[in-house]
Amino acid sequence: MSRQNYVFTSESVAEGHPDKVCDRISDAILDAFLTEDPYSRVACETFATTDRVVIGGEVRGPASVIARVEEIARECVRDIGYEQDGFHWANLKVDSYLHAQSADIAQGVDAAGAKDEGAGDQGIMFGHATDETPELMPAPILYAHAILKRLAEVRKNGTEPKLGPDAKSQLSIRYVGGKPVGVTSIVLSSQHLDPSLSSADVRAIVEPYIRQTLPEGWIDAATEWHVNPTGKFVIGGPDGDAGLTGRKIIVDTYGGAAPHGGGAFSGKDPTKVDRSAAYAARYLAKNVVAAGLAKRCTLQLSYAIGVAKPLSIYVDTHGTGNVDDAAIETAVARSMDLTPRGIRTHLGLNRPIFARTSAYGHFGRAPEADGGFSWEKTDLAEVLKAAF
């Protein structure tokens, strides 16, 4: 049996973190292509540093989007909120090196004759779900995201104008009997626009929002607080530290509470199984837990480039399953077409729904009316129940 009493820690970063700025730009460019042509192929990487954004990668889609790349990047930086010396949406230099998709990759991925559309690359992808929160997510990463999202809201609506866009959070959560019951330590580093603010001043601003966000009773007298522990944090974003697409893959997923296959998500169209199959794995794992088949589920998929069907499906319910794990593997394989085309169709991924995923986690979010976060639905739960 797995441990029941322990402390587990996860971190998150805000939309103004340098790496997240890059994820946002890459995903906004992807959305622009999918808006013009839902079957565009995009593999877009972004690098950001002081007063400069560099975009590269390979694409197959409307040339009109390539012409708007600089405009898209500036709008992303403006929306995040950067208007500081060293990184200002209006003044930074944007270089684009997007080019046509490799013909060698295209021939393996494209459908032709009797050949179905293949996976865009080899790789392994993991999905995870747990009943410890209503969102069926691990509590440490869920609430680390929630704190930063709340602080971004009050920064952007003008309630807390002294906060800057760059921030990081980290929560250490105590588990008793396998369930989260309290926070042993809170770490928060937030950029502030007023250089005169001390760490105590920043804590006075952020603490009420942190207490509002965490479940009642989770913070007590023994909870350790570390707010801006290094002191002043005025220079933030890519001016303070360079950013790159795809460097926050643990933040994007389960905060270290589950395995990660290693592939990043942002800037990749849904033929890339790094992204789409990871979404499908989360969808299946979540529906296994929602169906009551297990309290916790980790699911792995694997693919080969140019091959449509997954090479393997693996399920581990960590000793919490009400039925055999192998039987769940069979049931999930029958419940959904796990080819790249099948995943995109089932989850409706050929839509401009990805820029919103670039910060505060790809999982644990509410499904949206336009198809955003469709992989968070639990509409397969009854199908899976019926299989048993």
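Predicted model: local features only at pLDDT ≥ 70, side-chain atom pairs only at ≥ 80, totals over all residues.
Helices (H or I, at least four residues) and strands (E, at least two) are, throughout this talk, DSSP runs numbered from the N terminus. With that convention, the chain has 11 helices and 13 strands.

Residues are numbered from 1 along each chain as its sequence is written, and side-chain values use heavy atoms, with hydrogens and water left out.

Let me begin with the chain as a whole. A compact globule of 388 residues would have a radius of gyration near 21 Å, and because the chain has 21 Å, the two agree; the radius is taken over C-alpha atoms, and the globule rule is 2.2 Å times the number of residues to the power 0.38. Along the principal axes, the C-alpha atoms fill a box of roughly 65 × 55 × 30 Å. Of the 388 residues, 54% are buried, where buried means under 20% relative accessible area, exposed over 50%, and partly exposed in between, with a 1.4 Å probe and protein chains only.

The chain exposes about 15600 Å², and carbon and sulfur atoms supply 51% of that area; accessible areas come from the Shrake-Rupley method with a 1.4 Å probe, and for residues only the protein chains shown count as cover. If we take contact to mean heavy atoms within 4.5 Å, then among contacts between residues at least 6 apart in sequence, 73% join residues at least 24 apart.

Now to the strands. Strands of a sheet pair through backbone hydrogen bonds, either parallel or antiparallel, and two strands are said to pair here if DSSP finds at least two bridges between them. In what order do the strands of the open sheet of four lie? The order is E6-E3-E2-E11, and the pairing is mixed. Strand E6 (93–100) and strand E11 (243–244) are the edge strands, each of which pairs on one side only.

Walking across this sheet from the E11 side, E2, which covers residues 41–49, pairs with E11 in the antiparallel sense over two bridges, and Ala48 stands opposite Gly243 in E11. E2 is then joined to strand E3, residues 52–60, by nine bridges, again antiparallel, with Phe47 opposite Val54 in E3. The hairpin of E2 and E3 has two residues between the strands, and Asp51 takes a positive phi near 55° in it. Finally, E3 and E6 run parallel and are joined by eight bridges, and the bridge partner of Val59 in E6 is Ala100.

Elsewhere, strand E9 (residues 179–192) and E10 run parallel and are joined by four bridges, with Leu188 opposite Val227 in E10. Strand E10 itself, residues 224–227, has a covered face made of Trp225 and Val227, whereas Glu224 and His226 form the uncovered one.

I would like to turn next to some loop residues, starting with backbone angles. Most residues other than glycine have a negative phi. In the loop between helix H10 (340–347) and helix H11 (381–386) we find Tyr360, whose phi is near 70°, a positive value. The loop between H10 and H11 also holds Phe373, which has a positive phi of about 55° although it is not a glycine. Are these residues buried or exposed? Tyr360 counts as buried because its relative accessibility is 8%, and Phe373 is buried with a relative accessible area of 1%.

The loop between helix H7 (249–252) and helix H8 (273–290) contains Lys268, which counts as buried because its relative accessibility is 14%. Leaving aside neighbours within four places in sequence, Lys268 is in contact with Leu30, Val42, Gly263, Asp274 and Arg275. His260 is found in the loop between H7 and H8 as well, but it is partly exposed, with a relative accessible area of 22%. With neighbours within four places again left aside, the contacts of His260 are Phe126, Ile249, Ile250 and Thr253.

Thr320 and Ser2 are 318 residues apart in sequence, yet their C-alpha atoms are 9.5 Å apart in space.
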